[in-house]
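Welcome! Let's take a friendly walk through a protein model, one part at a time.

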Amino acid sequence: MRRNISGSSPYEPVIGFSRAVRVGDAVHVSGTGPVGADLADPATQTRHILEIIRGALEQAGARLEDVVRTRMYLTRADDWEAVGRAHGEFFGSIRPAATMVVVAALLQPTWHVETEADAVIGAAPEKD
């Protein structure tokens, strides 16, 4: 069964998307921009985005520990380390498969990063 999770993005009704979609135990979180932290530095934008993603996952019944894949879209290659370190603050011990791609632009010109996430409920890493 499919469950759409709405967020607070003003773009959801315009574009016609959900913040996240849960199908069975899989949760797919849409590309998430730093709405509300539009003018912040890349690391702060990344942290803000990951908090939005955390909230969407929780609404879907998942946790950050269930994330198996992330995709980060950067507007400047030079920001990779700041974005990567902020990503590591959330996922350092979870270690999902991750991709970082440099793109020409994002929806808002002040955004440095946008991130997607996929989770599988119950996929949290085993404790060592």
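## A tryptophan and its partner

Does Trp111 count as buried or exposed? This is a predicted model, and in it Trp111 has a relative accessibility of 5%. Buried means under 20%, so Trp111 counts as buried.

How do we describe two rings that meet? A pair of aromatic rings is described by the distance of the centres and the angle of the planes. The count here comes to one aromatic pair. Its members are Tyr11 and Trp111, with ring centres 6.4 Å apart and planes at 85 degrees, so the pair is edge-to-face. Tyr11 sits in the loop between strand S1 (2–5) and helix H1 (12–16), while Trp111 sits in the loop between strand S5 (97–102) and strand S6 (113–120), so the pair ties together parts that are 100 residues apart in sequence.

## The sheet

Now find the strands. Six of them form an open sheet in the order S1-S2-S3-S6-S4-S5, and the pairing is mixed. S1 and S5 stand at the edges with a single partner strand each, so one side of each has no neighbour in the sheet. From one strand to the next, the twist averages 10 degrees.

Take a closer look at S4 (residues 67–74) and S5: these strands run parallel and are joined by six bridges. Arg69 stands opposite Ala97 in S5.

## Two helices on the sheet

Helix H2 (residues 42–59) packs on the sheet, where it touches S1, strand S2 (20–23), strand S3 (26–32), S4 and S6. The direction of H2 makes about 30 degrees with that of S6. Helix H3 (residues 80–91) packs on the sheet too, touching S4, S5 and S6, and its direction makes about 160 degrees with that of S4.

How do H2 and H3 meet? Their axes come within 8 Å and cross at roughly 35 degrees, and the crossing is right-handed. Among the residues making this contact are Thr46, Arg47 and Leu50 of H2, together with Ala86, His87 and Phe90 of H3.

## His87, a buried residue

His87 has its place in helix H3. Its relative accessibility is 9%, and the limit for buried is under 20%, so His87 counts as buried.

Leaving aside neighbours within four places in sequence, His87 is in contact with Thr46, Leu50, Thr70, Met72, Gly92, Pro96 and Ala98. Thr46 and Leu50 belong to the H2 side of the contact between the two helices.

## Two partly exposed residues

Arg3 lies in strand S1 and is partly exposed, with a relative accessible area of 40%. A polar atom of the Arg3 side chain lies 2.6 Å from the backbone oxygen of Gln59. Not counting residues up to four places away in sequence, Arg3 touches Ala20, Val21, Arg22, Gln59 and Ala60. By contrast, Arg3 and Ile53 are 16 Å apart in space, C-alpha to C-alpha, and 50 residues apart in sequence.

Ile52 has its place in helix H2 and counts as partly exposed at 26% relative accessibility. With residues up to four places away in sequence left out, Ile52 touches Arg19, Thr32, Gly33 and Val35. Along the chain, Ile52 and Val35 are 17 residues apart, and their C-alpha atoms are separated by 9.1 Å.

Methods: Residues are numbered from 1 along each chain as its sequence is written. This is a predicted model: local features need pLDDT of at least 70, side-chain atom pairs count only at pLDDT 80 or more; totals for chains, interfaces and linings use all residues. Side-chain values use heavy atoms; hydrogens and water are left out. Rings of Phe, Tyr and Trp (its six-membered ring) pair if their centres lie within 6.5 Å; planes under 30 degrees apart count as stacked, over 60 as edge-to-face and the rest as tilted. Helices (H or I, at least four residues) and strands (E, at least two) are DSSP runs, numbered from the N terminus. Buried means under 20% relative accessible area, exposed over 50%, partly exposed in between (1.4 Å probe, protein chains only). Two strands pair if DSSP finds at least two bridges between them. Axes are lines fitted to C-alpha atoms, for helices over the stretch in contact, and angles run from 0 to 180 degrees between N-to-C directions. Contact means heavy atoms within 4.5 Å. A crossing is left-handed if the near helix is turned anticlockwise from the far one by less than a right angle, and right-handed if clockwise. A polar contact is a pair of N or O atoms within 3.5 Å; within protein, one must be able to donate a hydrogen and the other to accept it, and residues adjacent in sequence count only if both atoms are side-chain atoms.
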